[in-house]
Amino acid sequence: KECQGAVPIRIIFDTDAGLDDDMALAYLLSLPSNRVILEAVTISYGLSHTPKGAETMSRILALGGRTDVPVYVGQNSPYDKNGTAFPEAWRSVVEHMEGVTLPAYEECRPIEKETADTFLKKRLEDISKGKVCILATGALTNLALALAGNEERNERTVPELVALDRIVMMGGAFGVPGNVETFEEINALSTDPEWNIYVDPLAASVVLRHYIAAPKVLVVPLDATNDVPLDEAFIEKFRAVESQTVLGRLVFQVMHCAEGASVRYCWDNLAAVACFAPSVVLTERHPVSVAVGTLDAGTTRRADSGPLVNVAYHADGHIFTSNFVGAFTRKDG
């Protein structure tokens with residue numbers, strides 16, 4: 001393993017609690033303590049309504065025996081009030097998770113009262129616990145609020161990010177088509193964007209264009225995730241280990257739920273693996289632009305100027321499968 005013998009990576013998982021997010025959290029919880037310290041889970045705007053997403057993540061943490069990990073809820077609306085919502089039909093699928101067994105919410109740690117963006121801002125300014133990696137797999141709403149402040153609360157002081165190690169984010173599409181489709185409740189004017197960016201493009205622009213320096217960001221877009229399909233071949237490989245741990249059984253249930261929900265790729269799973277196995281993706285470094293307030297809002301492009309960002313254009317399916325599936329081979333207890 002690439003990180004064997006290394007200092008464990010401190011992680012805050014900023015997630016919109018979709019089905020692939022569920023699998024990514026199960027992966028993080030399945031890694032040994034010498035590889036990861038999961039500090040907190042923050043719920044971002046995106047696929048699940050944030051209160052319901054917090055409940056789902058708390059129940060997965062309880063299943064994994066990690067009620068010590070706090071969960072913070074972000075605002076249930078985009079940074080840009082003109083942003084877009086996921087279709088309610090999709091939200092219903094991820095919030096009900098048919099066929100997936102989790103502990104009762106009453107068995108979970110209570111949700112923190114502090115908001116996700118307030119927690120993130122404080123943590124990224126506090127080096128006393130060491131530097132932390134943000135794994136962001138939903139809209140970048142929480143991070144934009146933490147970094148740029150909230151205009152309605154008259155907060156515009158940019159924090160000193162002394163405790164930020166890096167951000168690994170799933171989102172965008174550069175050399176491949178996006179995955180936004182047209183629904184009656186969406187009326188998308190372009191199919192170029194990817195959903196995480198599309199629902200809150202201003203948040204992505206704030207984070208990628210104004211506040212973060214190059215080495216601190218890895219963008220894992222559709223260009224890379226297209227190389228790791230959630231297909232029958234991958235599911236069959238996972239079937240060999242799913243019965244070995246409670247979290248493996250959870251992921252297997254979620255995979256079948258995801259099939260019915262047309263989740264076709266390991267989007268957030270790949271971003272999670274990239275935190276620990278950098279060679280799983282092939283990257284290029286260049287500025288990134290995000291279209292905001294235009295007909296193609298949410299479209300990400302290679303830009304001519306701006307902060308340099310690491311963008312993953314390809315993924316190694318073998319390395320991904322080895323790392324993701326391998327995390328679930330440890331026996332319970």
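Me: In what order do the nine strands of the open sheet run?
Reply: This is a predicted model, where local features need pLDDT of at least 70, side-chain atom pairs count only at pLDDT 80 or more, and totals for chains, interfaces and linings use all residues. Residues are numbered from 1 along each chain as its sequence is written, and side-chain values use heavy atoms, leaving out hydrogens and water. Strands are DSSP E runs of at least two residues, helices H or I runs of at least four, numbered from the N terminus, and two strands pair if DSSP finds at least two bridges between them. The pairing is mixed, and the order is β3-β2-β1-β4-β5-β6-β9-β7-β8.

Me: Which strands are at the edges?
Reply: An edge strand pairs on one side only. That picks out β3 (71-73) and β8 (300-302).

Me: At roughly what angle do the axes of α11 and α12 cross?
Reply: Axes are lines fitted to C-alpha atoms over the stretch in contact (heavy atoms within 4.5 Å), with angles running from 0 to 180 degrees between N-to-C directions. Helix α11 (residues 267-276) and helix α12 (residues 317-326) have axes that come within 10 Å and cross at roughly 85°.

Me: What is the closest N and O distance in the salt bridge of R10 with E39?
Reply: A salt bridge is a side-chain nitrogen of Lys or Arg within 4 Å of a carboxyl oxygen of Asp or Glu. R10 lies in β1 and E39 in β2, so the pair ties together parts 29 residues apart in sequence. For R10 and E39, the closest N and O atoms are apart by 2.5 Å.

Me: Is E39 buried or exposed?
Reply: Buried means under 20% relative accessible area, exposed over 50%, and partly exposed in between (1.4 Å probe, protein chains only). With a relative accessible area of 13%, E39 is buried.
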